[in-house]
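Please look through the structure shown here, which the paragraphs below take part by part.

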Amino acid sequence: MKTIINSILILIIVLTSSNTFAQNDHFVQNGVIEFEKKSNMYALITKKIKGETDSYYQAAFESYKKTNPQFKTTKSTLSFSKNKSLYKWDETNQSSSTSWIADDAMANLKNVIATDLDAKTSITQKNVYDDLYLVKDSLRKIDWKITDETREIAGYECRRANAIVLDSVYVVAYYTIQIPFAGGPESFTGLPGTILGLALPHENMTWFATKVTEIPVSDKDLAPPIKGKATDNKGLNKILLDALKDWGKWAKKTLQAYSL
């Protein structure tokens, strides 16, 4: 009898604790997430000049290191409400360099991306050197592999997921279910929560949320970009392939950057 009573008491405690947790658990439905992107420029430049025998490249690299930090930092924001979002880079307070040797397409991305999860579409404004494109297409399908690893980002517990995109780009993402919007920085979507941390380890860059502000977000705040030459992913890919056909070893990385 005593054992039965103890079991009942334990069950009551567990249920009470679960209910308390559920009542206190808060899910963010709309707001603005601030991201900080870090690109390891020393690693990127090292890869860029690998195999070059002209001492001019190494001299330029040494000159760059004297006046620039190892990591280039850029900032961006993701505004979201319900199943729509607008991701854009922050034009203010950005670190920059005028050195030609630091000209890396992926480190210098300036995308503006409007995402509609219900329609499974996106409209992306892409700066491709001197041209501006407006790319309208369906969302990229990503085969995420969710793991048991967790970490805290911007005050939220996040779970890790891994994937391969663009055939060879390895992606590590950390998402939180406390923000149920299934999007994230750049064009990464498809997890059961918002991506607050993103890393491309082989590309030497990361995006991590630094702040989440829960505020109302209007339709005006989520208005997609409208300027640019209209195309879709297939069309932009053809344009890039034609433009990069004489770029040699740098063509693949540049194509990946503008396809991200």
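The protein as a whole averages a pLDDT of 87, with 88% of the residues scoring at least 70. This is a predicted model, in which local features need pLDDT of at least 70 and side-chain atom pairs count only at pLDDT 80 or more, while totals for chains, interfaces and linings use all residues. Residues are numbered from 1 along each chain as its sequence is written, and side-chain values use heavy atoms, with hydrogens and water left out.

Val32 belongs to strand 1 (residues 30-40); helices (H or I, at least four residues) and strands (E, at least two) are DSSP runs, numbered from the N terminus. Although Val32 and Phe80 are 48 residues apart along the chain, their C-alpha atoms are separated by 6.5 Å. Leaving aside residues up to four places away in sequence, Val32 touches Thr77, Leu78, Ser79, Phe80, Lys211, Val212, Thr213 and Ile215.

Next come the helix pairs. Helix 2 (residues 41-49) packs with helix 3 (residues 55-67) at an angle of about 175 degrees, their axes being 11 Å apart, where axes are lines fitted to C-alpha atoms, for helices over the stretch in contact, and angles run from 0 to 180 degrees between N-to-C directions. That angle makes helix 2 roughly antiparallel to helix 3, a term for angles over 145 degrees. Met41, Tyr42, Ile45, Thr46 and Ile49 of helix 2 make the contact with Tyr57, Gln58, Phe61, Tyr64 and Lys65 of helix 3.

The axes of helix 4 (residues 233-243) and helix 5 (residues 251-259) come within 10 Å and cross at roughly 155 degrees, which makes helix 4 roughly antiparallel to helix 5. In this pair, Leu236, Asn237, Leu240 and Leu241 of helix 4 meet Leu255, Tyr258 and Ser259 of helix 5.

The structure also holds 9 salt bridges, each a side-chain nitrogen of Lys or Arg within 4 Å of a carboxyl oxygen of Asp or Glu. In one of them, the side chains of Arg159 and Asp148 meet at 3.7 Å, N to O. Arg159 lies in strand 8 (residues 156-165) and Asp148 in strand 7 (residues 145-153), so the pair ties together parts that are 11 residues apart in sequence.

How values were computed: Angles under 35 degrees count as roughly parallel, over 145 as roughly antiparallel, 65 to 115 as roughly perpendicular and the rest as oblique. Contact means heavy atoms within 4.5 Å. pLDDT is the predictor's confidence in each residue, from 0 to 100.
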